[in-house]
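Dear colleague,

I am handing over the structure below, and after it you will find what was found in it. Please keep it open beside this email while you read.

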Amino acid sequence: MPDTALVVIDIQNDYFPGGAMELEGADAAGARAGMAIKSFREKRLPVIHVRHLSVRPGATFFLPGTRGAEIHASVQPAAGETVIEKSFPNSFRGTALEKQLKDSGVKNLVVAGMMTHMCVDASVRHAADLGYKVTLLGDACATRAQSYGGETVPARQVHAAFLAALNGFYAKVVNTHEL
């Protein structure tokens, strides 16, 4: 597994209880992502943190300079770990993530993060399109309810639908204990 890296996407304070965009299951997902980080550190494998900063007009969370935009305590970067900042859902768009992975010889990604239906989805699909073999830690991700056509889809169903859509072609979806 020396060519494998853990990518932790947007596990930031605004997604946790009391944050500006609270997600269902954020605490549990953050704890599981923290377990994956611990495992990667013990094996001396790279851990890359991705942090979203909202710079678009009218943004209401992940605002630069706020506590909500800070990486959550459950997944705090260690000294020397890479932190990539982004301003789009796709972790590769407008960032140095792809270069960092190539320069490190990474071919396999293990992904944890938030929100399942947005930044995790966009990033996993892009990674697969770039040729990375992706393992997605489904229980180390979280999302929120979504509405469309006058109907609200509960968070657990949104989460399951996106994991089901990614599983197979784009990623192998597993739970953290299977890692």
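**The largest pocket**

Sorted by class, the residues that line the largest pocket are 10 nonpolar, 5 polar and 2 charged. Here Ala, Val, Leu, Ile, Met, Phe, Trp, Tyr, Cys and Pro count as nonpolar, Asp, Glu, Lys and Arg count as charged, and the others, Gly among them, count as polar. Please bear in mind that this is a predicted model, in which local features need a pLDDT of at least 70 and side-chain atom pairs count only at pLDDT 80 or more, while totals for chains, interfaces and linings use all residues. Residues are numbered from 1 along each chain as its sequence is written, and side-chain values use heavy atoms, with hydrogens and water left out.

The space in the largest pocket comes to about 300 Å³, and among its 17 lining residues His-52, Arg-56, Phe-61, Pro-89 and Met-118 lie nearest its centre. On a 1 Å grid over the protein atoms alone, a pocket is an open set of points with protein on both sides within 12 Å along at least five of seven lines, a cavity is a set of points where a 1.4 Å probe fits but cannot get out, and lining residues have an atom within 4 Å of a point. Grid points are joined across faces, edges and corners, and a volume is the space filled by probe spheres set on those points. Helix 3 gives the most to the lining of the largest pocket, with 3 residues; helices (H or I, at least four residues) and strands (E, at least two) are DSSP runs, numbered from the N terminus.

**Helix 3**

Ser-123 lies in helix 3 (residues 116–129), and because its relative accessibility is 4%, Ser-123 counts as buried (buried means under 20% relative accessible area, exposed over 50%, partly exposed in between, with a 1.4 Å probe and protein chains only). Leaving aside neighbours within four places in sequence, Ser-123 is in contact (heavy atoms within 4.5 Å) with Ile-9, Pro-89, Asn-90, Ser-91 and Phe-92. Ala-128 also lies in helix 3, and, not counting residues up to four places away in sequence, Ala-128 touches Val-134 and Tyr-170. Helix 3 is followed by Gly-131, whose phi is positive, near 100 degrees.

Helix 1 (residues 26–42) has 17 residues and reaches 24 Å from its first C-alpha to its last, close to the 24 Å expected at 1.5 Å a residue, where the expected span is 1.5 Å times one less than the number of residues. Its buried residues include Ala-29, Gly-30, Ile-37 and Phe-40, and what covers the buried residues of helix 1 includes strand 1 (4–9), strand 2 (47–52), strand 4 (108–114) and strand 5 (133–142).

In soluble globular proteins, nonpolar side chains tend to be buried together.

With best wishes
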